[in-house]
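Hi everyone, thanks for making time for this one.

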There are 2 protein chains.
Amino acid sequence: MPAWVDGRPAEALSVRDRGLAYGDGLFETIAVRAGRPRLLARHLARLEEGTRRLRLPAPLDLVEQELLAFAAQLGEGVAKLMLTRGEGLRGYAAPADAQVRRILVGSPAPAYPAANFDEGIALFPCATRLAEQPLLAGLKHLNRLEQVLARSEWSDPAFAEGLMRDQGGRVVEGVFSNLFLVRGGELLTPALSRCGVAGVMRAELLEWAAGQGIATMIRDVAYDELLHADEVFLCNSLYGIWPVRRLEAHAWPVGAITRKLQAHFRERLDS
Amino acid sequence: MPAWVDGRPAEALSVRDRGLAYGDGLFETIAVRAGRPRLLARHLARLEEGTRRLRLPAPLDLVEQELLAFAAQLGEGVAKLMLTRGEGLRGYAAPADAQVRRILVGSPAPAYPAANFDEGIALFPCATRLAEQPLLAGLKHLNRLEQVLARSEWSDPAFAEGLMRDQGGRVVEGVFSNLFLVRGGELLTPALSRCGVAGVMRAELLEWAAGQGIATMIRDVAYDELLHADEVFLCNSLYGIWPVRRLEAHAWPVGAITRKLQAHFRERLDS
């Protein structure tokens, strides 16, 4: 699969890059179908917010051009886009002339079992709790050790995803997904002001649901509220929507709202 | 300056390395004098703890051999040692056959003003608060965006370091240093069970002070306790010990215990 650095085919990056040294950068994981990046505007919007909050002087027009050209070459699969603050001297202070590095890495489309989508999944209860850092919350930055630790907690393929909670015990998200609850016909998803990644599918889904007259709410969600939800599902931009059927002793059905959202977004993401 | 990857001269690393993708790894910043790494046993001990807690299957004997050979080639300066979980497929799950990558990057010894050591420094009050994550606290891992953000808060060279507090407002450390208070002839340094990096100089200093009959304490430290300390100083393994003279409206003298520790460790680190 192809890999580019700064717009040219390349498999390697300087060992002095601040992306490696400090995780000083951002990434996006983008579904590519028929040579085109899916949910492009959402990915670019999140990236723009990240560059602003991390003060990364990224040439976003160029990033978009390169992503489009890379996707055209990739055809089908996943384009992982990383932006780093480039090379630096030793030390946390960024060089005044920091040159943001643009990295694109291709990989095949993930081969998730169709049953995840059709029948729903079991959620592993991760013991790894997310730390609360408002300055980084919502961003898809390169500091992802918490997700690495959480994902290392289980290897049984019976669990397709894991549930992550914050230090206060509130439910936040999956390891690589966002989480939604349906209660009394309304959609509820955890606020991501202290921790978590604000996924592009989450944003897309919130907007579309609101347009369909489904009430949506973003706020803190207690563990107990999750257990008492009518429907629970996960989403991300690669697999779309998976119903959640089981977490420890708790079981949920696959409900009508989950099916409605699945149907709409399967069509949207496949087209 | 030289750079090695897996024991061989190399300037570049795969763009598929998990060190870049997730900050999935550890580092040590090691002073090298006359071709030898300083405080070697301490650096190796912290690295060993990190590999254990992150479950990084690192060949530590080989890491030590390569570090010694690298230091001999470098002569004088700083050896930055990074261990990453190596290349991976897309996704947080580590490959079963993960090969830990060993990276060494040389740089010149930092040129800090002599006045930092002789007269002491002013501390910048960073607004960036450290998140509380017990699973990572104490480790020198590659997720360092908080330090990047904190260090970006000031550019005035009148501030040689910045003070970092946790989300609860307790004082924790400097951006690239550990913090000590002297109160009534006793040494006090913040506990690092929720956040912070357990520095090798901090460990060295705690052990030596205790052996000298100076009482040492490791516990949570309130901001107010810092302001009322008799002496305050910072330490790390590159510069040794800097007295802290000023933080906002507060001023401290350079006290006798700080001077005693400086004298001892200057000799130890230079020899």
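Let's begin with the aromatic rings: over all chains, this predicted model holds 24 aromatic pairs. The pair I'd like you to look at is A:Y22 with A:Y92. The ring centres are 4.7 Å apart and the planes sit at 45°, so A:Y22 and A:Y92 count as a tilted pair.

Now to the way chain A is divided. Domain 1 runs over 3-107 and domain 2 over 114-270. If you take the C-alpha centres of domain 1 and domain 2 of chain A, they are 26 Å apart. How many residues of each domain of chain A are in contact with the other? The answer is 24 residues of domain 1 and 24 residues of domain 2.

In terms of area, domain 1 and domain 2 of chain A bury about 1,900 Å² between them, and 60% of that is on carbon and sulfur atoms. Which three residues supply more than any other three of the area that domain 1 of chain A buries against domain 2 of chain A? They are A:L39, A:R42 and A:R46, with 34% of that area.

Keep A:R42 on your screen for a moment, please. A:R42 also forms a salt bridge with A:E204, where the closest N and O atoms are 2.5 Å apart. The count of salt bridges between domain 1 and domain 2 of chain A is 2. Polar contacts across this domain interface come to 11 residue pairs, both residues being at pLDDT 80 or more.

And what does the domain 1 side of chain A look like? At least two residues each come from α1 (18-22), β4 (25-33), α2 (40-53) and β6 (77-84) of chain A. β4(A) gives the largest share of that side, 8 residues. By residue class, the side of domain 1 of chain A that touches domain 2 splits into 10 nonpolar, 7 polar and 7 charged.

Next, the interface of the two chains. Chain B puts 62 residues into the contact, and chain A also puts in 62 residues. About 4,600 Å² is buried between chain B and chain A, with carbon and sulfur atoms giving 62% of it. Here B:R90, B:Y92 and B:L145 supply 18% of the area that chain B buries against chain A, more than any other three residues.

On the polar side, we have 23 residue pairs in polar contact between chain B and chain A, again both at pLDDT 80 or more. Several elements of chain B each bring at least two residues to the side that touches chain A, among them β1 (3-5), β3 (12-14), β8 (121-130) and α5 (145-151). Which element gives the largest share of the side of chain B that touches chain A? That is α5(B), with 6 residues. Sorted by class, this side of chain B has 33 nonpolar, 15 polar and 14 charged residues.

Salt bridges deserve a word of their own. Side chains of opposite charge can pair when their charged atoms come close. Over all chains the structure holds 32 salt bridges, and 2 salt bridges are found across the interface of chain B and chain A. In one salt bridge, the side chains of A:E11 and B:R16 meet at 2.4 Å, N to O.

A:R55 has a positive phi of about 50° although it is not a glycine, and A:R55 is placed in the loop between α2 and α3 (60-74) of chain A. A:E248 is not a glycine either, and its phi is positive at about 50°. You'll find A:E248 in the loop between β15 (240-247) and β16 (250-251) of chain A.

Conventions: Residues numbered from 1 in each chain as written. Chains lettered and ligands numbered in written order. Predicted model: local features only at pLDDT ≥ 70, side-chain atom pairs only at ≥ 80, totals over all residues. Heavy atoms only, no water. Domains from an automatic or database assignment. Contact = heavy atoms within 4.5 Å. Buried area = accessible area lost by both parts, 1.4 Å probe. Salt bridge = Lys/Arg side-chain N within 4 Å of Asp/Glu carboxyl O. Polar contact = N/O pair within 3.5 Å; in protein donor to acceptor, adjacent residues only side chain to side chain. Helix = DSSP H or I, 4+ residues; strand = E, 2+ residues; numbered from the N terminus. Nonpolar A, V, L, I, M, F, W, Y, C, P; charged D, E, K, R; others polar. Phe/Tyr/Trp six-rings, centres within 6.5 Å; stacked < 30°, edge-to-face > 60°.
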